[in-house]
Amino acid sequence: MNDLKLRRPLSAVQSELMAKMTAEIAKSDIKTVSFKLDETLIVLPFAEKSDIFALMEQDFKGMTKKSRSFADVRSDAEEMAEKKLSLKGQMTLAAVYDVLMKQCDITEEQRDTLMKRECELYEQFAIPRNSGLTLFNKALSGKKKIIITYMGIYPREMMKRILEKCGYIGYNILILHNELTVPASAETAFLDIVLKKAKGKPSTIIHIGSDVQNDVEAPILRGTKALLMQSSIPLAIRSGRFRGYLQGEYLYDYDTDGFFALRCAWGLYCCYGFDVPQKKTVHSDFCSDPYMLGFLVLGSLSLAEKTELSPMQDAVREALEKCPQAMDGLADFRDMFAMNFSSLKDVLGRKGCELPLVFLEKYAYSADRDIVSPYLSDDVSGSWTKNDEEPDLAPVYAHKAKKNAVARLADRLFPPGTRVRTIVDDILAKGKKI
């Protein structure tokens, strides 16, 4: 990723934001720059956190008689560990796997095998967030003291290897929340360590992270400066309707192995297009950007197998392929996909990879249609008018809400957003009042 030169230039808004952020870091009164590691410096090129667990299914198979997938039991184990340790101690990977071992009735050796495999996969797929790397290098060249804070569950030596792999070399201090003698729920405890290690006035410190409350408000209340680097996946989800359409079309199948390639494509789209935060373009699902269209639409389509397209969809595809900027997006997609997922080529399920094109043809806003229309023939362009029909959208959240077993069962029986679920929620609400 460090050697990959993307063809897409930053928008004017993105360039202005990066200039402002680097200028803040470069100020002479700033002596220490503190970076949040996860999502600010390091990202995973997956659509969902659980995607990395899906790659461990074969490792888990045969260890237990339980029929649930490893992704489900691993996610549940982390939730249970968080509840257990939120007020008592540190959240670590070992703590999560201790819970999983008991829940699945596996041996200590099997637990250690799975834990080692997860660490290997995380190291393999972790990539730098390019905007974070730019800010880090600005602090480094300005000879600022650099402190990195990590809020996750993985061990120190592993995170040091990942930082080095991603080009983060020359920092001064690495603070791991899971090593602090504070409850897991004390999410801003790292700031006290940052202030102590900086050895300077709070006003000479600037902290950069992705969470408004913990990375902006909390540091400012302690007297430091702060910059917000919003996470790329939430930005992409809010940028348009495609993500809600995708999950609405395949509510039960979206997170299965069959759609793994499409989820990888979406994950790269987030890293690619929303590395530097940008405002949503009104009435656009692809930021009114031909690069973005080429990246997600043509890129996903290049992964599809035996896809049958309608005549109009085929015409839209051909028109998009005539747009040089869209083809640059496709070229970037191919490079990024090969760099990140070449090891998965034999296990990637390729269902639904035509859906970005289907969405573009059926539901695209005028700002995105205007990119394609000049490359269509007059007769086809005339028939490809704005569709007044709106897609069915499922509610999508950047982070899954923590739910108990009853809530998860309700989601399966009565999907959120459906008419039946609305009726059920109304009945349950009335029952609570009684």
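Me: Why is Lys27 called partly exposed?

Reply: This is a predicted model, and in it Lys27 has a relative accessible area of 35%. Partly exposed covers what lies between under 20% (buried) and over 50% (exposed), so Lys27, at 35%, is partly exposed.

Me: What makes the contact between Lys27 and Glu24 a salt bridge?

Reply: Their side chains meet at 3.0 Å, N to O. The cut-off is a Lys or Arg nitrogen within 4 Å of an Asp or Glu carboxyl oxygen, so the 3.0 Å between Lys27 and Glu24 qualifies. Glu24 is partly exposed, with a relative accessible area of 24%.

Me: And what makes Arg222 and Asp192 a salt bridge?

Reply: Here the N to O distance is 3.2 Å. The limit is 4 Å, so the side chains of Arg222 and Asp192 count as a salt bridge.

Me: How do you know that this pair links distant parts of the chain?

Reply: Look at where the two residues sit. Arg222 is in the loop between α10 (212-221) and β7 (225-228), while Asp192 is in helix α9 (residues 189-198), and they are 30 residues apart. Arg222 is partly exposed at 28% relative accessible area, and Asp192 counts as partly exposed at 42%.

Me: Which helix holds both Asp314 and Arg317?

Reply: Both lie in helix α15 (residues 311-321), three residues apart, about one turn of the helix.

Me: Why is Arg317 called buried, and what is Asp314 called?

Reply: Buried means under 20%, and Arg317 has a relative accessible area of 18%, so Arg317 is buried. Asp314 has 27% relative accessibility, so Asp314 counts as partly exposed.

Me: How many salt bridges does a search of the whole structure find?

Reply: The search finds 26. Some link up into a network: Lys49, Arg74, Glu78 and Glu118 are joined that way. As a general point, side chains of opposite charge can pair when their charged atoms come close.

Me: Why is Gly267 called buried?

Reply: Gly267 has 2% relative accessibility, and the cut-off for buried is under 20%, so Gly267 counts as buried. Gly267 lies in helix α13 (residues 260-273).

Me: What does Gly267 touch, not counting residues up to four places away in sequence?

Reply: Gly267 touches Pro45, Phe46 and Ala47. To count, heavy atoms must come within 4.5 Å. Also, Gly267 and Ile233 are 34 residues apart in sequence, with 7.6 Å between their C-alpha atoms.

Me: What makes β5 and β7 the edge strands?

Reply: Five strands form an open sheet in the order β5-β4-β1-β6-β7, with parallel pairing. Strands β5 (173-176) and β7 each pair on one side only, and they are the edge strands. From one strand to the next, the twist averages 20°.

Me: How do you know that β6 and β7 pair?

Reply: Four bridges join strand β6 (residues 205-209) to β7, and the two run parallel. Pairing needs at least two bridges, so β6 and β7 pair. Ile208 stands opposite Leu227 in β7.

Me: Which strands does helix α7 lie across?

Reply: Helix α7 (residues 130-141) lies across β1 (32-36), β4 (145-150) and β6, running at about 160° to β1. Helix α8 (residues 156-165) packs on the sheet too, touching β4 and β5, and its direction makes about 135° with that of β5.

Technical notes. Residues numbered from 1 in each chain as written. Predicted model: local features only at pLDDT ≥ 70, side-chain atom pairs only at ≥ 80, totals over all residues. Heavy atoms only, no water. Buried < 20%, exposed > 50% of the residue type's maximum accessible area, 1.4 Å probe, protein only. Axes fitted to C-alpha atoms, helices over the stretch in contact; angles between N-to-C directions.
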